[in-house]
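Thanks for coming, everyone. Let me put the structure up and walk you through it.

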Amino acid sequence: MNGSGHISLYLAIVETENLPRGWEICVNFKLLVFDQIRDKYLTIHDADDSSIKRFHDMKTEWGFTKFLPLDTFNDVSHGYLVNDCCLFGVEVFVHKHSGKLECVSITEKPANCTLTWKIEKFSALDEESYSQEFTVADSQWKILVYPKGNSNGKAKAISVYLCSCNCLVSDLKYFAEFKLRIRDQINKNHVENTAKHWFSKSLKDWGFSQFLLLENLNDASKGFLVNDTLIVEAEIMAVSNIKLFA
């Protein structure tokens with residue numbers, strides 16, 4: 001097969017109709033042909049001995065289109081074909097797989113998608129502060145604020161982030177398209193920024209280190225900080241829903 005002048009040899013998985021939906025099996029394997037004169041095997045495998053092949057519904061065969069030249073195979077002196085008889089074999093090492101099938105869908109404009117966090121006594125906040133937890137489409141979120149900034153916004157701007165609570169206890173990833181907003185309590189000229197992000201255990205929060213310059217935040221005429229009270233909002237416009245199947 002696609003190996004003119006050669007024997008093509010493959011390992012194929014069979015009886016796949018008995019396997020569960022979404023099945024996959026990962027293996028290392030070596031294909032063999034027996035030298036009947038010298039009583040030993042010729043072994044053919046990938047150059048990378050550690051190569052793992054993944055069998056699944058769309059890929060049920062792995063092997064070599066040019067396993068052995070026909071001239072070599074038919075030459076009796078090589079011992080592969082003797083009295084019109086040959087012997088092929090395979091060594092298979094199956095790697096156990098404990099993964100689960102993951103189905104991800106995106107909900108746009110989910111219900112109850114906005115958290116309004118009224119921070120009183122703002123000047124007394126520590127280096128970082130979290131809002132209460134809120135739920136949007138079965139996933140949990142918090143707002144994270146650094147009142148004096150962090151990263152490249154430190155001492156220059158207030159930093160505001162959206163934080164995934166699910167990623168603290170799960171290895172799954174969660175997507176959100178969202179707006180973060182600081183409300184102008186006098187002029188209604190709110191400041192907001194939009195972002196999209198896949199949240200994970202290593203990147204569980206995402207937002208803006210320079211959300212609003214501290215000089216503007218502390219300017220009473222701009223209406224962001226009134227009576228030492230700041231209003232921060234998170235609005236989730238789209239969010240992923242994840243279902244796992246064993």
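Start with Phe-34. This residue is buried, because its relative accessible area is 14%. Buried here means under 20% relative accessible area, exposed means over 50%, and partly exposed is in between, with a 1.4 Å probe and protein chains only.

Before I go on, a word on the model. It is predicted, so local features need pLDDT of at least 70, side-chain atom pairs count only at pLDDT 80 or more, and totals for chains, interfaces and linings use all residues. Residues are numbered from 1 along each chain as its sequence is written, and side-chain values use heavy atoms, with hydrogens and water left out.

Back to Phe-34. Where does Phe-34 sit? In strand E2, residues 24-35. Strands (E, at least two residues) and helices (H or I, at least four) are DSSP runs, numbered from the N terminus. Which residues does Phe-34 touch, leaving aside neighbours within four places in sequence? Asp-39, Lys-40, Tyr-41, Gly-79, Tyr-80 and Leu-87. Contact means heavy atoms within 4.5 Å. Now look across to Ser-131. In sequence, Phe-34 and Ser-131 are 97 residues apart. In space, C-alpha to C-alpha, they are 70 Å apart.

Next, His-56. Find it in strand E4, residues 53-56. Buried or exposed, is His-56? Buried, because its relative accessible area is 18%. Apart from neighbours within four places in sequence, His-56 contacts Trp-23 and Glu-24.

Now the whole chain. We have two helices and 17 strands. The C-alpha atoms fill a box of roughly 100 × 35 × 30 Å along the principal axes. The radius of gyration is 31 Å, whereas a compact globule of 246 residues would be near 18 Å. That radius is taken over C-alpha atoms, and the globule rule is 2.2 Å times the number of residues to the power 0.38. Of the 246 residues, 36% are buried. Take contacts with a separation of 6 or more: 67% of them join residues 24 or more positions apart.

Last, the annotation. UniProt, in an unreviewed entry, lists "domain: MATH" for residues 1-92 and 112-236. Those positions are in the numbering used here, feature names are shortened, and annotations may be inferred rather than shown by experiment. For residues 112-236, the end C-alpha atoms lie 9 Å apart. That span is 3% helix and 51% strand.
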